[in-house]
Amino acid sequence: MFQALVVEKDEAGKTSAAVQSLDADQLPDGDVTIAVEYSTVNYKDGLCIGPGGGLVRNYPHVPGIDFAGIVEASDDDRYKPGDKVVLTGWRVGEAHWGGYAQKARVKADWLVPLPEGLSTRQAMAVGTAGFTAMLAVIALEDHGIKDGPVLVTGAAGGVGSVATAILANLGYKVAGVTGRPEAADYLTSLGASQIVAREELNETTKRPLEAETWGGCVDAVGGEMLARLLGQMQYGASVAAVGLAGGAGLPATVIPFLLRGVNLLGIDSVMQPYDSRVQAWARIANDLPMDKLEAMIQPATLSDLPKLGADILKGQVKGRVVVDVNG
């Protein structure tokens, strides 16, 4: 028997989430069985836990779009009992049971060995959000970060927090965008050298181009904010877009792309090739300062998840929520 947060839907379509005891034979099919130690809370998790189930494909369902733990049993030669592994993406926690359980069973191809020196707790302090942030930083570097501050939108959130810490640790000047004045000290502690009020980038303007300000950008918001900041990028600078919290629409013109050569880089962490995932996790272990990582962590247990799922949808979660599934 093991404990898991299970989301169920009744005949009227109403969903409910509660911690339940499950048998190992209830786990879905897969090559590798993992004793899960930690998971996290992401925006998608909030959608899966919340009313209507959001992204959930089948019921009953165990949410949690990422997890880290220890291999318990394996039918794949790449993984042995006792190996530390991490999983992000592949619709885990949406179409396949996820990390909000003390056990998981998944396909071996979905896993990545945990880099040396990175604990399972640290891996989930990074989680899908931090993994996505690292992919964004790699994409910006591949296209060349210009000589100017790197803008990070949604900087107090999961992706933004890790992106801020990584970029600052690599020596870039980071400008963090937040709508919460009380988050300024937090962002400064992560290495941000400038705080930008969200209202500044949400102001409407008819000008397609503004002063060349930013040498690069990790945008975790999208929508109106993304449209506005495109016109503020330096010539040839890139925006790595990773989130849709502000909406999937892009009310922008082509002028920043034509006249300033701005690059819009789409970052999708769900189905990254194996080599790309290994590279990103190796960079995380090397480039993310662990003291900054610890400052981002909010601890939680399985019983905390229904409330946390609602809070993250309201934008009330700061940093990285690390769920100790055995706590």
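**Working through the model**

Tutor: Let us begin with Q316, which is found in the loop between α10 (305–313) and β15 (320–324). Please keep in mind that this is a predicted model.

Student: Which residues does Q316 touch, leaving out those up to four places away in sequence?

Tutor: With those left out, Q316 touches R180 and D311.

Student: And how far is Q316 from N42, in sequence and in space?

Tutor: In sequence, Q316 and N42 are 274 residues apart, and in space they are 12 Å apart, C-alpha to C-alpha.

Student: Let me step back, then. How many helices and strands are there in the chain?

Tutor: The chain contains 10 helices and 15 strands. Its radius of gyration is 20 Å, close to the 20 Å that the globule rule gives for 327 residues, so the chain is as compact as a globular protein of that length.

Student: What does the C-alpha trace span along its principal axes?

Tutor: The span is about 60 × 45 × 35 Å.

Student: Now the sheets, please. What is the strand order in the open sheet of 6 strands?

Tutor: The order is β10-β9-β8-β11-β12-β13, and the pairing is parallel. As background, strands of a sheet pair through backbone hydrogen bonds, either parallel or antiparallel.

Student: Which strands stand at the edges?

Tutor: Those are β10 (194–197) and β13 (263–266). Each has a single partner strand, so one side of each is left without a neighbour in the sheet. On average, neighbouring strands of this sheet are turned by 20° against each other, direction ignored.

Student: How many bridges join β9 to β10?

Tutor: There are 4 bridges between β9 (residues 174–178) and β10, and these two strands run parallel. Within β10, I195 stands opposite G176.

Student: Which strands does helix α3 lie across?

Tutor: Helix α3 (residues 158–169) lies across β8 (150–152), β9 and β11 (216–219). Its direction is at about 160° to β8.

Student: What about β3 and β4: parallel or antiparallel?

Tutor: Strand β3 (residues 32–40) and strand β4 (residues 66–74) pair in the antiparallel sense, over 6 bridges. I34 has V71 in β4 as its bridge partner. Strand β4 is also joined to β5 (residues 84–88) by 5 bridges, and those two run antiparallel. There, D66 has T88 in β5 as its bridge partner.

Student: Let us turn to helix packing. How does one describe it?

Tutor: Two packed helices are described by the angle between their axes and the distance between the axes.

Student: How do α2 and α8 cross, then?

Tutor: The axes of α2 (residues 120–143) and α8 (residues 274–287) come within 9 Å and cross at roughly 105°. Angles from 65 to 115 degrees count as roughly perpendicular, and α2 and α8 are therefore roughly perpendicular to each other.

Student: Which residues make that contact?

Tutor: From α2, they include A123, V126, F131 and E141. From α8, they include S276, R277, W281 and I284. By class, the contact of α2 with α8 has 10 nonpolar, 4 polar and 3 charged residues.

Student: And how do α2 and α3 cross?

Tutor: Their axes come within 8 Å and cross at roughly 50°, and α2 and α3 are therefore oblique to each other. The crossing of α2 and α3 is right-handed.

Student: Which residues meet there?

Tutor: A129, G130, T132, A133, M134 and V137 in α2 meet G158, V159, V162, A163, I166 and L167 in α3. This contact of α2 with α3 has 9 nonpolar and 3 polar residues, and no charged ones.

Student: One last topic, the backbone. What should I expect as a rule?

Tutor: Most residues other than glycine have a negative phi, and most peptide bonds are trans.

Student: What is the peptide bond from Y59 to P60: cis or trans?

Tutor: It is cis, with omega near -10°. P60 lies in the loop between α1 (43–49) and β4.

Student: And what is the phi of W90?

Tutor: W90 has a positive phi of about 60°, although W90 is not a glycine. R91 is not a glycine either, and its phi is positive at about 65°. W90 is found in the loop between β5 and β6 (103–106), and R91 has its place in the loop between β5 and β6.

Definitions and conventions
Residues are numbered from 1 along each chain as its sequence is written. This is a predicted model: local features need pLDDT of at least 70, side-chain atom pairs count only at pLDDT 80 or more; totals for chains, interfaces and linings use all residues. Side-chain values use heavy atoms; hydrogens and water are left out. Axes are lines fitted to C-alpha atoms, for helices over the stretch in contact, and angles run from 0 to 180 degrees between N-to-C directions. Angles under 35 degrees count as roughly parallel, over 145 as roughly antiparallel, 65 to 115 as roughly perpendicular and the rest as oblique. Contact means heavy atoms within 4.5 Å. Ala, Val, Leu, Ile, Met, Phe, Trp, Tyr, Cys and Pro count as nonpolar, Asp, Glu, Lys and Arg as charged, and the others, Gly among them, as polar. Two strands pair if DSSP finds at least two bridges between them. A crossing is left-handed if the near helix is turned anticlockwise from the far one by less than a right angle, and right-handed if clockwise. The radius of gyration is taken over C-alpha atoms; the globule rule is 2.2 Å times the number of residues to the power 0.38.
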